[in-house]
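Me: I have a model open and would like to learn how to read it, feature by feature. Can we go through it together?

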Amino acid sequence: MITIPSLTAEGLAVDSEVPVAALPAADRFALLMLSTMPWGPRLLSKIKITEGPASDSPCWLCGVAYDAGRAKIRIGRDQAGVRRRVTVYVAAWEALNGPVPAGLMLDHEVCSNPSCCNPNHLAPKSNRANTRRRHMSTKRPNQYGFVGAARHPRGKAWQARITVSDTVGKARTLSLRGWPTPSVAGLVYWLVAKAVYGDDFYDHPRPEVTPDEEAEVRAYLIKRLPSILSKPWADDVPGLVSGLTQLLADVTEVELAA
Ligand SMILES: [Zn+2]
């Protein structure tokens with residue numbers, strides 16, 4: 001016999017700035033589905049439904065009670081019997097849709113709000129499409145005209161900072177050393193980001209540097225790339241190993257030819 005839950009979303013214990021009855025049907029359905037998971041009530045007790053940028057379908061912030069937007073939750077076991085610990089928004093999406101397809105990761109397509117776990121704001125995307133979208137929307141040249149070059153937190157040097165995401169949405173930031181000028185840091189960024197994200201990820205011009213600086217960047221990459229490739233999480237970031245292996249081959253070849 002099939003038991004149909006007599007619950008309605010309106011009866012759920014959830015903190016909401018918007019009356020639950022006023023939420024769109026898809027959001028109320030998602031709340032109900034979540035509440036039926038063994039860990040659902042625990043998750044629901046931690047979220048706050050707020051009027052977000054997509055006001056007809058508010059964001060569910062899970063960064064309010066948890067200490068960070070990328071809070072994790074334990075949700076049962078995987079096929080090998082190991083307890084699964086996933087990001088809260090992954091748990092919420094999977095409750096509604098089943099497992100995230102292999103090789104894809106969830107993108108906050110509707111709200112661009114990493115603290116949001118409203119499954120209706122999420123869509124599975126390839127890492128490249130996801131990173132590219134985020135990159136296009138947030139990366140702007142700095143005041144010197146270079147993308148990806150940032151002041152080193154200590155001192156006056158510049159560094160290239162590149163953020164990548166693995167298949168479960170965990171962000172990893174590569175901070176690539178202190179450089180004397182933003183143009184050199186910009187070139188390091190341009191080379192590494194292009195290798196990881198793919199050729200078409202953006203159309204910013206290659207920063208111009210002197211031949212000496214160019215040689216220094218190549219020597220640095222030949223030393224540094226193997227250590228990035230040997231990181232335990234390198235294989236979890238789609239495109240990272242193949243892209244950086246190719247870049248390493250390219251810079252090594254130029255070095256030999258020079
Ligand atoms: Zn949202």
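Me: In the hairpin of strand 4 and strand 5, which residue takes a positive phi?
Reply: Keep in mind that this is a predicted model. The residue is Gly81, with phi near 85 degrees, and the hairpin has five residues between the strands.

Me: How many bridges join strand 4 to strand 5?
Reply: Strands of a sheet pair through backbone hydrogen bonds, either parallel or antiparallel. Here strand 4 and strand 5 run antiparallel and are joined by four bridges.

Me: What follows helix 3?
Reply: Gly98 comes after helix 3, and its phi is positive, near 85 degrees. Within helix 3 (residues 88–97), the buried residues are Val88, Tyr89, Val90, Ala91, Ala92 and Trp93.

Me: What is the order of the open sheet with mixed pairing?
Reply: This sheet of three strands has the order 1-2-3. Strand 1 (15–16) and strand 3 (59–61) each have a single partner strand and stand at the edges, so one side of each lacks a neighbour in the sheet. Strand 2 (residues 48–50) pairs with strand 3 over three bridges in the antiparallel sense. Lys48 has Leu61 as its bridge partner in strand 3.

Me: How many bridges join strand 9 to strand 10?
Reply: Seven bridges link strand 9 (residues 158–165) with strand 10, and the two run antiparallel. A point to look for on screen is Thr163, which stands opposite Thr173 in strand 10. When you follow side chains, remember the general rule: in a regular strand they alternate between the two faces of the sheet.

Me: At what angle do helix 5 and helix 6 pack?
Reply: Two packed helices are described by the angle between their axes and the distance between the axes. For helix 5 (residues 182–197) and helix 6 (residues 211–229), the angle is about 45 degrees and the axes are 10 Å apart. The two helices are therefore oblique to each other, and their crossing is right-handed.

Me: Which residues in helix 5 meet helix 6?
Reply: On helix 5 they are Val184, Leu187, Val188 and Leu191, which meet Glu213, Val217 and Leu221 in helix 6. By class, this contact has six nonpolar residues, no polar ones and one charged.

Me: How many helices and strands does the protein have?
Reply: The secondary structure comes to seven helices and ten strands. Of the 258 residues, 29% are buried. Among contacts between residues at least 6 apart in sequence, 55% join residues at least 24 apart.

Technical notes
Residues are numbered from 1 along each chain as its sequence is written. This is a predicted model: local features need pLDDT of at least 70, side-chain atom pairs count only at pLDDT 80 or more; totals for chains, interfaces and linings use all residues. A residue is buried if 20 or more other C-beta atoms lie within 10 Å of its own, exposed if 12 or fewer, and partly exposed in between; C-beta atoms are placed from the backbone. Two residues are in contact if their C-beta atoms, placed from the backbone, lie within 7 Å. Axes are lines fitted to C-alpha atoms, for helices over the stretch in contact, and angles run from 0 to 180 degrees between N-to-C directions. Angles under 35 degrees count as roughly parallel, over 145 as roughly antiparallel, 65 to 115 as roughly perpendicular and the rest as oblique. A crossing is left-handed if the near helix is turned anticlockwise from the far one by less than a right angle, and right-handed if clockwise. Ala, Val, Leu, Ile, Met, Phe, Trp, Tyr, Cys and Pro count as nonpolar, Asp, Glu, Lys and Arg as charged, and the others, Gly among them, as polar. Two strands pair if DSSP finds at least two bridges between them.
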